[in-house]
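My notes follow in the order I took them.

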Amino acid sequence: MSLPEAIQRFVPDGATVLMGAALESLIPFAAGHEIMRQGRGDLTLVGPISDILFDQLVGGGCVRGVIAAWVGNVSAGLGHNYRRAAEEGIPRRIEIQDHSNLSLALALQAGALGVPFIPTKTLLGTDLLKTNPTLREWTVPWTGDRFVLVPALQPDVAILHVQRADSGGAAHCWGNLGVSVEASLASHHLILIAEEIVSAEVIRSDPNRVLVPPFKVRAVVHEPYGAHPSPVQGYYNRDHAFYHEYHLATRTVEGFAAWAKHWIFDLPSRTAYLEKLGSTRVADLGVRQHRWAAPVDYGYS
């Protein structure tokens with residue numbers, strides 16, 4: 001289905017939405033921009049490292065809360081909108097649940113398994129136990145060993161960008177997966193944004209690369225360059241300049257409003273976005289040196 005239809009059907013106001021599961025790559029910016037165009041509100045965003053996508057959604061007033069390990073602009077450090085919201089309540093006050101990358105992965109793993117929590121030692125001695133009240137320290141009565149109990153997370157919807165998918169929801173994804181598998185299995189609904197739509201035969205040719213059982217998928221959207229400015233392994237590189245331009249443009253509330261109008265609200269589609277980006281810039285981000293994986297033989301004698 002189209003991206004506007006997928007967002008309209010599966011991302012209602014008040015939803016808990018996971019994005020940026022692959023950390024710095026495969027970030028579904030096109031989906032985030034469509035959420036802003038449709039004026040969704042009171043969302044709780046979940047993700048390990050969302051880069052500037054969460055910052056944009058916060059600046060657009062779409063966000064009630066954030067459950068994350070880090071939010072900002074990897075190239076420049078901080079995200080101006082996120083900082084304004086956290087420190088000054090601009091454009092609105094947001095609730096923040098701090099995690100480490102590992103504890104967020106464990107929370108999603110618990111959600112995928114259908115268990116209430118997963119114990120870990122990784123957060124002992126950290127201040128995350130002070131800033132995230134859902135994390136609980138626990139001592140095993142019969143050994144005295146100390147653990148932190150990480151409660152399960154089950155987002156309403158996960159939006160994942162992938163390299164290719166078929167129309168039935170089976171998809172291939174490669175490169176850094178981050179917590180994509182855990183997020184897919186933990187979430188109630190799953191939207192896939194794909195660079196390419198391929199036949200089922202292509203997906204079946206490499207079953208070990210299938211990201212998630214297709215029955216978990218509610219929508220498949222064909223949206224080339226839908227992860228720009230983040231990279232997609234084998235398709236295009238990270239647009240470093242775009243992140244720096246965003247950092248400079250969004251230092252003020254007025255600056256972000258002008259940026260969002262220019263790059264989101266004045267553009268009805270990703271096609272219009274790419275036209276504004278320019279064919280030369282798009283071409284410069286393309287793959288210059290292919291690095292193919294070795295063939296895999298699934299045959300039997």
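**Ground rules.** I am working on a predicted model, where local features need pLDDT of at least 70, side-chain atom pairs count only at pLDDT 80 or more, and totals for chains, interfaces and linings use all residues. Residues are numbered from 1 along each chain as its sequence is written, and side-chain values use heavy atoms, with hydrogens and water left out.

**Whole chain.** I counted 12 helices and 11 strands. I then checked the radius of gyration, taken over C-alpha atoms, against the globule rule of 2.2 Å times the number of residues to the power 0.38. For 301 residues a compact globule would come near 19 Å, and the chain has 20 Å, so the two agree. The C-alpha trace spans about 65 × 60 × 35 Å along its principal axes.

I took buried as under 20% relative accessible area, exposed as over 50%, and partly exposed as in between (1.4 Å probe, protein chains only). By that rule, 50% of the 301 residues are buried. For contacts I used heavy atoms within 4.5 Å. Among contacts between residues at least 6 apart in sequence, 72% join residues at least 24 apart.

**Helix 3.** How many residues of helix 3 (residues 52-59) are buried? I found 8 of its 8. Among them are Ile-52, Phe-54, Asp-55 and Gln-56. What do they pack against? I listed helix 2 (29-37), strand 2 (43-49), strand 3 (63-70), helix 4 (80-88), helix 9 (240-249) and helix 10 (253-265). After helix 3 comes Gly-61, with a positive phi near 75 degrees.

**Asn-81.** I located Asn-81 in helix 4. Is Asn-81 buried or exposed? Its relative accessible area is 3%, so Asn-81 counts as buried. Leaving aside neighbours within four places in sequence, its contacts include Asp-55, Gln-56, Val-58 and Gly-59. Those four are on the list of buried residues of helix 3. Asn-81 also touches Ile-90, Tyr-246 and Phe-256.

I looked for polar contacts next: pairs of N or O atoms within 3.5 Å, where, within protein, one must be able to donate a hydrogen and the other to accept it, and residues adjacent in sequence count only if both atoms are side-chain atoms. The side chains of Asn-81 and Tyr-246 make one at 3.3 Å.

Most residues other than glycine have a negative phi, and most peptide bonds are trans. I noted the exceptions below.

- The bond from Ile-90 to Pro-91 is cis, with omega near 0 degrees.
- His-228 and Pro-229 are also joined by a cis bond, with omega about 15 degrees. I placed Pro-229 in the loop between strand 11 (217-222) and helix 9.
- Asp-42 is not a glycine, yet its phi is positive, about 55 degrees. Asp-42 sits in the loop between helix 2 and strand 2. Its relative accessible area is 33%, so Asp-42 is partly exposed.
- Asp-51 has a positive phi of about 55 degrees too. Asp-51 lies in the loop between strand 2 and helix 3. At 0% relative accessibility, Asp-51 is buried.

Note on methods: Helix = DSSP H or I, 4+ residues; strand = E, 2+ residues; numbered from the N terminus.
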